[in-house]
Amino acid sequence: MMKNINVIDAISKRSSKRKYLAKPVPKEILEEILKAANMTPSGANMQPWSVYAVSNKDVLDKVGQSVISHIEAGGDVDQFIQYYPLEWVNPYKRRRIKTGSGLYKVLEVDRHDMETRTELWHDNFRWFGAQTVIFVFVDKALIDGAQGPFIDCGAYMQTLMLAAQEFGIDSCPQGSTTEYGKIIAKTLEVPENLALLYSVVLGYEDKGAIQNSYQPERAPLEELVTFID
Ligand SMILES: Cc1cc2nc3c(=O)[nH]c(=O)nc-3n(C[C@H](O)[C@H](O)[C@H](O)COP(=O)(O)O)c2cc1C
C-alpha cells in the first residue's frame, strides 16, 4: 500500500524503530524497496553492495542466536571492519551519550541496570521482532586499501530506509551486526569474498512500544555546517 509521501516527509518521519509487529513485509513490497535502493549512486557505478534479504524466520533465529551464544560464551567482537572509533572524543562522545541515555530514559531503564541494558543490546539480534533483515556485504577486494565502497553502501542504507517509508515500512539500521560480521557471514553461508558492513531491520513498528516514540534530536546547523557565501 503506497503512502505517497514526499521526500522531505520521508526523511523527517523516518526514525529507528526498536519494536516490531509480527507482520511480514510482503515480498512484492520488499522487491520494490530493493529496486529503489538499487538506484543509489555509487562511484563508477560499481554498485558494491551484495545484499542478502532474509525473511526466513528459522534463518533469522539461527543467525541471531549464533551471535547471542557467542556473546554469552564471553566471545569478543568478530568483525570485518571497525565502525566506531577506538577512542571517543567530543563532541561525538557527548552526542553518543546523550542519545543512549535519552533512549534509556524513555524506557525508564537505569543506566546501572546492566542486565536490562544487555537484554536491550541482544534485542538487536532478535531483530526487534521484525520479520525481515537486509544484510549488506561488500566484496573484500573492493575494500582492500580503498574506502569508497563504505560511502556507496552508506548511501544505499539511507535510500533503502527512505524507500521503505513510501510503503509504510519502518526500519532500524544496525552496526551491532557489523561487530559480529564474521559469525553472521559464516552462519548465513555467504561466499568467502564477502564482508558484512551492516544490516537494516525492516517491518511494521509496534506503535504502542514506548521506545518507538524516541526521536533523538540533531545538533543545530551552526554546529555542523560552515557556510561560505
Ligand atoms: C550505521 C548505523 C548503525 C547503527 N547501529 C544501530 C544498532 O546496532 N542498534 C540500534 O538500535 N540502532 C542503531 N543505529 C541507529 C542510531 O542509533 C540512530 O540512527 C541514531 O540514534 C539517530 O536516531 P534516528 O535513526 O531515530 O533518527 C545505527 C545507525 C546507523 C546509521
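Which residue, with a positive phi, follows helix 3? That is Gly-74, with a phi near 85 degrees.

1. **Before you start.** This is a predicted model: local features need pLDDT of at least 70, side-chain atom pairs count only at pLDDT 80 or more, and totals for chains, interfaces and linings use all residues. Residues are numbered from 1 along each chain as its sequence is written. Helices (H or I, at least four residues) and strands (E, at least two) are DSSP runs, numbered from the N terminus.

2. **Helix 3.** With its 16 residues, helix 3 reaches 22 Å from first C-alpha to last, close to the 22 Å expected at 1.5 Å a residue (the expected span is 1.5 Å times one less than the number of residues). Val-63, Gly-64 and Val-67 are buried here (buried means 20 or more other C-beta atoms within 10 Å of the residue's own, exposed 12 or fewer, partly exposed in between, with C-beta atoms placed from the backbone). They sit on the same side of helix 3 because they cover an arc of only 90 degrees around the axis (the arc is that of the directions from the helix axis to the C-beta atoms). The face turned away from that buried side carries exposed residues: Lys-57, Asp-58, Lys-62, Ser-69 and Glu-72.

3. **Helix 7.** In helix 7 (residues 181-188), look for the buried Gly-181, Ile-183, Ile-184 and Ala-185. Their cover includes helix 3 (57-72), strand 2 (132-139) and strand 4 (194-203). In turn, what covers the buried residues of helix 3 includes helix 7. Just after helix 7, Glu-189 takes a positive phi of about 55 degrees.

4. **The core.** The largest nonpolar core has 38 residues, of which Val-136, Leu-160, Ile-184, Leu-197, Val-201 and Leu-202 touch the most other members (such a core is a set of buried Ala, Val, Leu, Ile, Met, Phe, Trp, Tyr and Cys residues joined through C-beta atoms within 7 Å). Elements giving two or more residues to this core include helix 2 (27-37) and helix 6 (148-166).

5. **Gln-174.** You will find Gln-174 in strand 3. Gln-174 is buried, with 22 other C-beta atoms within 10 Å. Not counting residues up to four places away in sequence, Gln-174 touches Asn-124, Tyr-198, Ser-199, Val-200 and Val-201 (contact means C-beta atoms, placed from the backbone, within 7 Å).

6. Strand 3 (residues 170-174) gives the most to the shell around the ligand, with three residues.

Definitions and conventions:
Contact = placed C-beta atoms within 7 Å.
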